Every structure is written in structure tokens, then in C-alpha cells.
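Subject: Structure handover

Hello,

Here is the structure we spoke about, with the sequence. My notes on what was found follow below it.

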Amino acid sequence: MYVKKISLKNYRNIERLELELKNGVNIFYGSNAQGKTNLLESIYIGATGRSHRTHKDKELIKFDKEEAHIRLDIQNDKISDRIDIHLKKDSKKGIAINNIAINKLGELFGYLNVVIFSPEDLSLIKQGPQERRKFIDMELCQINNIYYYNLSQYYKVLKQRNSLLKKILKDPSLKDTLFVWDNQLIEFGIKIIQARELFIKKLNNISKKIHMEITSNKENLEIKYKPNVLISEFKEKLEKSIDKDILYTTTSYGPHKDDILFFINNINVRDFGSQGQQRTASLSTKLAEINLIEDEKAVLPVLLLDDVLSELDKDRQKFLIKNIKKLQVIITCTGVEDVLKNLDEEYNIFKVSDGNIL
Ligand SMILES: Nc1ncnc2c1ncn2[C@@H]1O[C@H](COP(=O)(O)OP(=O)(O)O)[C@@H](O)[C@H]1O
Ligand SMILES: [Mg+2]
């Protein structure tokens with residue numbers, strides 16, 4: 001699948017843009033703060049309904065404007081789809097697929113699959129568990145339509161439960177109603193845990209092979225799911241921690257505290273790996289993400305490479321470019337040398353300057 005055309009209006013620092021993209025490599029270069037990541041971000045929003053950089057839609061609208069528009073024309077084999085995102089300063093965003101408005105964000109997933117790769121992703125292993133959960137969730141939402149529903153239900157229930165905990169602190173008689181939320185928390189929580197477990201198993205199988213190849217068979221990468229609570233113990237642990245939860249008005253157990261662990265040759269990479277190992281393992285994981293989407297959805301995702309090539313050494317750069325040949329790739333960079341050196345196929349190249357694409 002690929003983005004055939006991108007149209008933007010009053011989006012970030014881009015006032016107007018209509019641009020046809022190539023089903024292959026598209027390079028956007030320019031100095032800092034010109035709008036390269038903004039452009040990439042708009043494609044990401046077209047795929048997931050939200051930005052990878054902010055959860056405040058307002059920030060996406062050009063400073064002095066009331067509304068912004070993103071339109072993406074997608075081609076997938078013989079099927080074309082149009083995604084419209086209408087961002088408004090004072091109300092909820094509107095999303096339409098093929099000119100028909102959708103009510104639930106979950107309906108958007110799957111029309112455009114993307115994998116985004118930015119310098120922060122290279123520190124996926126070093127960052128906090130929240131970033132790793134976000135990574136799993138964004139990926140799972142794209143390949144599994146019910147996952148998004150279960151996840152949003154789970155977080156809704158969690159919020160309700162936490163707010164009830166606060167009330168119980170003032171009025172202990174409300175404690176008897178907590179089980180209503182606990183039952184739902186467990187119901188949706190179990191579905192999330194199951195989906196994550198399966199996903200990480202598949203991701204592990206793929207990333208292991210990739211990592212072997214990058215490291216010339218020296219390193220055995222193992223990605224393991226670390227659920228905060230086992231399904232079989234979820235109910236019991238929730239019950240046992242009720243008093244503590246009330247005291248701290250927070251829910252101690254559940255997949256909102258999950259994590260994933262990375263091992264190289266049986267050694268925990270987060271604690272003992274070198275920075276180079278951590279970054280290479282992140283690269284393998286990201287590349288595995290592409291293959292996983294291909295396996296699960298039988299489509300090739302669009303790869304968004306945000307300023308990441310210059311972060312990699314020569315061998316990693318070459319490996320990355322070699323492995324993304326069949327995809328539509330959107331690359332942003334400040335200098336084009338690194339990119340062009342390793343590239344032997346045709347490409348489109350654009351200069352980004354002060355929100356204009358030349
Ligand atoms: N809502 C907005 N309205 C206008 N300009 C914005 C908005 N949000 C960000 N910008 C501008 O966009 C620029 C950053 O663009 P970005 O795409 O991140 O740069 P880069 O080319 O380095 O990737 C900054 O100059 C910033 O002021
Ligand atoms: Mg940038």
C-alpha cells in the first residue's frame with residue numbers, strides 16, 4: 001500500500017500542500033524546524049487518528065487558524081481510499097473515509113498501515129515502560145481491529161475505577177460497588193494480555209532472525225512479554241490490593257503496567273547491553289514490525305523514517321535500506337548524502353523550507 005497523494009491545509013506550519021508521492025522512496029530534506037517532521041506526522045495521523053508527538057489536536061492547527069485538514073489518497077492494489085481528517089480548535093476532530101464520516105476512531109485503523117521510525121525509537125529499550133506499551137499498542141491497533149476497542153474500554157474502566165477509589169476514601173460504604181468495575185477491568189484486561197502475548201511471540205520470532213543477520217549471527221535477540229499480572233491471578237491480586245488501592249487512589253494491578261524485556265544472548269539489554277546493542281536491538285524490532293504487518297495483514301506498510309539514517313552507522317544504514325526495498329518509504333533528513341549514497345533505486349526528492357515543499 002502507498003500514499004498516492006497528500007493534501008494539507010493549515011496544518012502546523014504548512015499552509016497549503018498538494019503533493020503526489022512515489023510508491024518507492026520519497027526524500028524530504030531541509031534545515032531544522034522547516035516542517036519535515038510535521039509532514040510525516042500528518043501521514044501518521046492519517047493512519048492512526050493521532051499524532052506520535054502530541055495528544056493535543058489543537059497543536060496541530062496552524063497557530064493563527066481555527067481548523068486544519070489532512071487528506072490522504074491511499075492506493076492498495078487496485079483499491080483506492082481517501083482519508084480525511086478535519087481538526088478543529090474548539091471541538092472534536094472529524095474523520096471521514098471515502099467521504100463518509102466515521103464515529104469511532106477504531107474504524108480508521110487498517111486503511112493505512114504505517115511504521116514510524118525516529119531517533120527516539122532507537123532508545124525504545126532504554127526508555128520507560130510507557131513508551132514500550134505505546135509501541136505495542138500502536139502496532140496491535142493497526143493489525144487487530146478489536147484490540148483498539150478492548151484497549152479503550154479498559155482505560156475507560158480504569159479511569160472509572162480510580163475515580164471511585166477516590167470517592168471511597170471519603171465514603172467507605174461505596175466500597176461495595178467496586179466489584180462492578182473490577183469485573184470489567186478483568187474482562188477487558190484479559191483480552192489485552194492475550195493479544196499482547198501473542199503479538200510479542202510473533203514479533204520475537206521475526207526480530208530474532210533480523211537481529212542475527214545484522215550482527216552476523218553473533219547475537220541472539222529475545223523479546224519477552226512481562227505482564228504486570230498473570231491472567232490466572234488477576235482477580236485475586238485486585239481483591240487483595242483493594243485497601244492499598246483506596247489509600248493511594250490508584251489501581252496496582254493490570255496491563256496498564258505491562259512491559260517488554262529484551263535479551264541478547266540471555267543478558268538483559270536494558271540493564272547490561274551497550275548503547276550500540278540497545279540501538280541495534282531497537283532497529284531489529286522496528287524492522288520486525290514491518291514484516292509482522294505484512295504477515296498479518298498481507299499488505300506492505302508505509303515506512304516513515306524521521307531523521308533516523310544519520311543516527312545509524314554505515315553498516316546499519318545499508319542494512320536498513322536494503323531491507324525496505326519493496327515499501328513506500330518517506331524519509332526526512334537534513335543532509336541528503338547519507339541517504340543517496342546507499343540508495344540505488346529511483347526516488348523523489350523535495351526540499352522543505354518554512355512549511356513549503358519545493
Ligand atoms: N501549530 C503550528 N502552527 C505553526 N507552526 C507550527 C505549529 N506547530 C509547529 N510549528 C512549527 O513547525 C516547525 C517545526 O517543524 P518540524 O517539522 O518539527 O521541523 P523539522 O523540519 O526539523 O522536522 C517549527 O518552526 C514550529 O514553530
Ligand atoms: Mg524533524
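In this predicted model, the buried residues of helix α9 are covered by elements that include α4, α8 and α10 (337-342). The residues in question are Phe319, Leu320 and Ile321. Buried here means that 20 or more other C-beta atoms lie within 10 Å of the residue's own; 12 or fewer makes a residue exposed, anything in between partly exposed, and C-beta atoms are placed from the backbone. Contact means that two C-beta atoms, placed from the backbone, lie within 7 Å. Helices (H or I, at least four residues) and strands (E, at least two) are DSSP runs numbered from the N terminus.

On conventions: residues are numbered from 1 along each chain as its sequence is written, and chains are lettered from A and ligands numbered from 1 in the order in which they are written. As the model is predicted, local features need pLDDT of at least 70 and side-chain atom pairs count only at pLDDT 80 or more, while totals for chains, interfaces and linings use all residues.

Domains

The chain is divided into domain 1 (1-113 + 301-358) and domain 2 (120-298), with bounds that come from an automatic or database domain assignment. Their C-alpha centres lie 27 Å apart. To the contact between them, domain 1 brings 12 residues and domain 2 brings 14 residues. On the domain 1 side, α9 (residues 314-322) gives the most, with three residues.

Whole chain

There are 10 helices and 15 strands in the chain. Its radius of gyration is 22 Å, close to the 21 Å that the globule rule gives for 358 residues, so the chain is as compact as a globular protein of that length. That radius is taken over C-alpha atoms, and the rule is 2.2 Å times the number of residues to the power 0.38. The C-alpha trace spans about 65 × 55 × 35 Å along its principal axes. Of the 358 residues, 40% are buried. Among contacts between residues at least 6 apart in sequence, 72% join residues at least 24 apart.

The six-stranded sheet

Six strands form an open sheet in the order β8-β12-β13-β3-β14-β15, with mixed pairing. Its edge strands, β8 and β15 (356-357), each pair on one side only. Two strands count as paired if DSSP finds at least two bridges between them. Strands β3 (residues 25-29) and β13 (residues 329-333) are parallel and share five bridges; Tyr29 has Cys333 as its bridge partner in β13. Helix α8 (residues 275-297) packs on the sheet, touching β8 and β12, and its direction makes about 175 degrees with that of β8. Helix α1 (residues 36-48) lies across β3, β8, β12 (302-306), β13 and β14 (347-353), at about 150 degrees to β12. For these angles, axes are lines fitted to C-alpha atoms, for helices over the stretch in contact, and values run from 0 to 180 degrees between N-to-C directions.

β10 and β11 make a hairpin with two residues between them, where Asn265 has a positive phi of about 45 degrees.

Helix α4 (residues 178-214) has 37 residues and should span 54 Å at 1.5 Å a residue; its end C-alpha atoms are 51 Å apart, which agrees. The expected span is 1.5 Å times one less than the number of residues. Just after α4, Ser216 takes a positive phi of about 50 degrees. Helix α3 (residues 145-170), with 26 residues, reaches 40 Å from first C-alpha to last, close to the 38 Å expected. The buried residues of α3 include Tyr147, Leu151, Tyr154, Leu158 and Leu165, and its buried residues pack against α2, α4 and α6 (242-248).

Leu124

Leu124 is in the loop between β8 (114-117) and α2 (129-143). It counts as buried because it has 21 C-beta neighbours inside 10 Å. Beyond its neighbours within four places in sequence, Leu124 is in contact with Glu131, Arg132, Phe135, Ser282 and Thr285. Leu124 and Thr285 are 161 residues apart in sequence and 9.3 Å apart in space, C-alpha to C-alpha.

Regards
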